[in-house]
Amino acid sequence: MFVIVEAPMGVTYGEQCMGLACDQRKIEGFLIPTFADAGLLTNFFERFQGWPPGVKEEWKSADAEELALLVEGIRVWRTYSDTEGRTDEPHFLTLDRNRLAESTEAWVRVLTPYGPGVLVFPNSD
């Protein structure tokens with residue numbers, strides 16, 4: 001799994017998402033690897049069976065809450081320089097509820113320590 005942080009970097013990343021609907025989405029930014037387990041993938045594959053919200057219906061409250069819990073378990077590192085040198089700090093992602101309608105399988109809108117982004121992972125199709 002990776003997080004693409006939205007930023008004017010001149011680099012655009014693309015992802016096939018939305019289960020069996022096979023939507024193609026792109027975003028400009030920079031890529032951060034995550035070291036998450038397969039819980040998020042398993043949830044989408046078992047629960048939505050290739051037809052996640054965004055295709056056939058809106059996100060139900062219980063599904064959004066479950067997704068939020070899964071996302072909050074994914075750690076990313078923020079690196080910055082200060083007067084003492086380079087510092088790395090762990091942070092956890094949060095679900096971007098303001099952009100929840102854009103989230104689907106393999107394309108989950110999140111908030112990172114760097115700003116808004118997208119959690120991407122392999123599409124089930």
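For residue classes I count Ala, Val, Leu, Ile, Met, Phe, Trp, Tyr, Cys and Pro as nonpolar, Asp, Glu, Lys and Arg as charged, and the others, Gly among them, as polar. I am working on a predicted model, where local features need pLDDT of at least 70, side-chain atom pairs count only at pLDDT 80 or more, and totals for chains, interfaces and linings use all residues. I number residues from 1 along each chain as its sequence is written, and side-chain values use heavy atoms, with hydrogens and water left out.

Cavity. I searched the whole structure and found one cavity of 30 Å³ or more (points on a 1 Å grid where a 1.4 Å probe fits but cannot get out; lining residues have an atom within 4 Å of a point). I list the lining as Asn43, Phe44, Arg47, Phe48, Trp59, Asp63, Glu66 and Leu67. Helix 1 (39-48) and helix 2 (61-72) each give two or more residues to this lining, and helix 1 gives the most, with four. Helices here are DSSP runs of H or I with at least four residues, strands runs of E with at least two. By class I note four nonpolar, one polar and three charged residues in the lining.

Aromatic pair. I found one in the whole structure (ring centres within 6.5 Å; planes over 60 degrees apart count as edge-to-face). Phe30 and Tyr114 are edge-to-face, 5.4 Å centre to centre with 85° between the planes. Phe30 lies in strand 3 and Tyr114 in the loop between strand 7 and strand 8, so the pair ties together parts 84 residues apart in sequence. I looked up accessibility too: Phe30 is partly exposed at 23%, and Tyr114 is partly exposed at 31% (partly exposed lies between buried, under 20% relative accessible area, and exposed, over 50%, with a 1.4 Å probe and protein chains only).

Key: 1 Å grid on protein atoms, 1.4 Å probe; cavity = no way out; pocket = protein on both sides within 12 Å on 5 of 7 lines; lining within 4 Å. Points joined across faces, edges and corners; volume = space filled by probe spheres on them. Phe/Tyr/Trp six-rings, centres within 6.5 Å; stacked < 30°, edge-to-face > 60°.
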